[in-house]
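Please keep the structure open while reading.

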Amino acid sequence: MTAVANEWPEGNAIVYCQGAFNTTYGKTAHGLVRRSERYRVLAVIDAAWAGRDAGEVLDGRAAGIPVVSDLDAALRLRGADGRGPTHFVVGLAPDGGRLPSEARVVVAAALAAGLNVDSGLHDFLGDDPELVQLAARHGARIRDVRRTPPRPELHFFDGRISQVQALKVAVLGTDSAVGKRTTAWLLVDAFRAAGRRAELVGTGQTAWLQGAKHSLILDSLINDFVSGEIEHAVWSCWEDGRPDVIVLEGQGSLLNPAYPGGFELLAAGRPDVVVMQHAPARREYDGFPGHALHDLATQIKAIELISGREVAAITINHEELDAAGIEAARAAIRAETGLPAFDVLREGAGGLREALAPWLARADERRGRGAAGGKG
């Protein structure tokens, strides 16, 4: 499904994340709290954090988005436009993308209240006859973001990626649910703040829900078309506005036993350089006790061997680390890899942008622009 910027925001959204907010199974909700062009987010539903500000829970910074206990509490809220909720977004990201039975009850209640329902799960709500009938009866719409496009609309790899002259930066990671998408967005923001035209190519359901203009849902595509859809998204992004920089959101990790994402992104997206997102406190792959996380140096070698491109910097997910632990982790990463390490969620991505300046200069030269295109 491709995002199209059309009179956004679409409306006021409630994000359902019952029992999962501030865990790795709530990463879709987390993304929508941190940014969304598609919706105005009114509230997050999770009784465990009710009464708190969602941004304060996640990042220690208020976002003006309350966490409420249930749907009834959310329905009483009003947005800055004076209207109540118009959308109900499933913010859960469980293993396998399955809808919990208790969540289905709340989805039904949301449809009965006339809310449009958007879901990025593998369980397609639009295939549930009862939910479809509820939507029709109450004038609501169901969108299954992960529904695969019809085969005639899919693209096969044809080499047009070579026409893209923007700097292509892939943000890959050492694990799933490690913060790749958040880092990618912050890097886009940093390039824009420096006067550069920068765009994100989203590869998962959360980026689509956030409003990434050029998106694909990689893990629901038919395998034969994965490379072609990646190429088409990057090429379309280039053709649409000729940006200086295209940041490609990574999926999973090369060595994750359940989500070995990244191979197609490297092969078809043809990045010029890679940024590696890493959680230093993790010892095992997310959700898989007993599966030890491969060390950072090994993961860097794997990426560079497969792609023939350099890993330019490491970005840190600071989960379970205090300020002293973050600095110690950065020092250890620099000593182990010789690469700069940044915590972009705490400090912004300006330093990361500067670390990528040599690659941007090469891209400028490739386009025949030299230094005239603005500051890197």
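The largest cavity in this predicted model has a volume of about 40 Å³. A cavity is a set of points on a 1 Å grid over the protein atoms alone where a 1.4 Å probe fits but cannot get out; the volume is the space filled by probe spheres set on the points, which are joined across faces, edges and corners. Residues are numbered from 1 along each chain as its sequence is written, and side-chain values use heavy atoms, without hydrogens and water. Local features need pLDDT of at least 70 and side-chain atom pairs pLDDT 80 or more, while totals for chains, interfaces and linings use all residues.

**Cavity**
- The whole structure holds 1 cavity of 30 Å³ or more.
- Leu 266, Arg 270, Pro 271, Ser 307 and Arg 309 line the largest cavity, each having an atom within 4 Å of a point.

**Arg 270**
- Arg 270 sits in the loop between α9 and β11 (273–278); helices (H or I, at least four residues) and strands (E, at least two) are DSSP runs, numbered from the N terminus.
- Phi of Arg 270 is near 50°, a positive value in a residue other than glycine.
- Arg 270 counts as partly exposed because its relative accessibility is 43% (buried is under 20%, exposed over 50%, partly exposed in between; 1.4 Å probe, protein chains only).

**Ala 177**
- Ala 177 belongs to the loop between β7 (167–173) and α6 (180–193).
- Its phi is also positive, near 50°.
- Ala 177 is buried, because its relative accessible area is 18%.

**Ser 253**
- The loop between β10 (245–249) and α9 (263–269) contains Ser 253.
- Ser 253 is buried, because its relative accessible area is 1%.

Methods: On a 1 Å grid over the protein atoms alone, a cavity is a set of points where a 1.4 Å probe fits but cannot get out, and a pocket is an open set with protein on both sides within 12 Å along at least five of seven lines; lining residues have an atom within 4 Å of a point.
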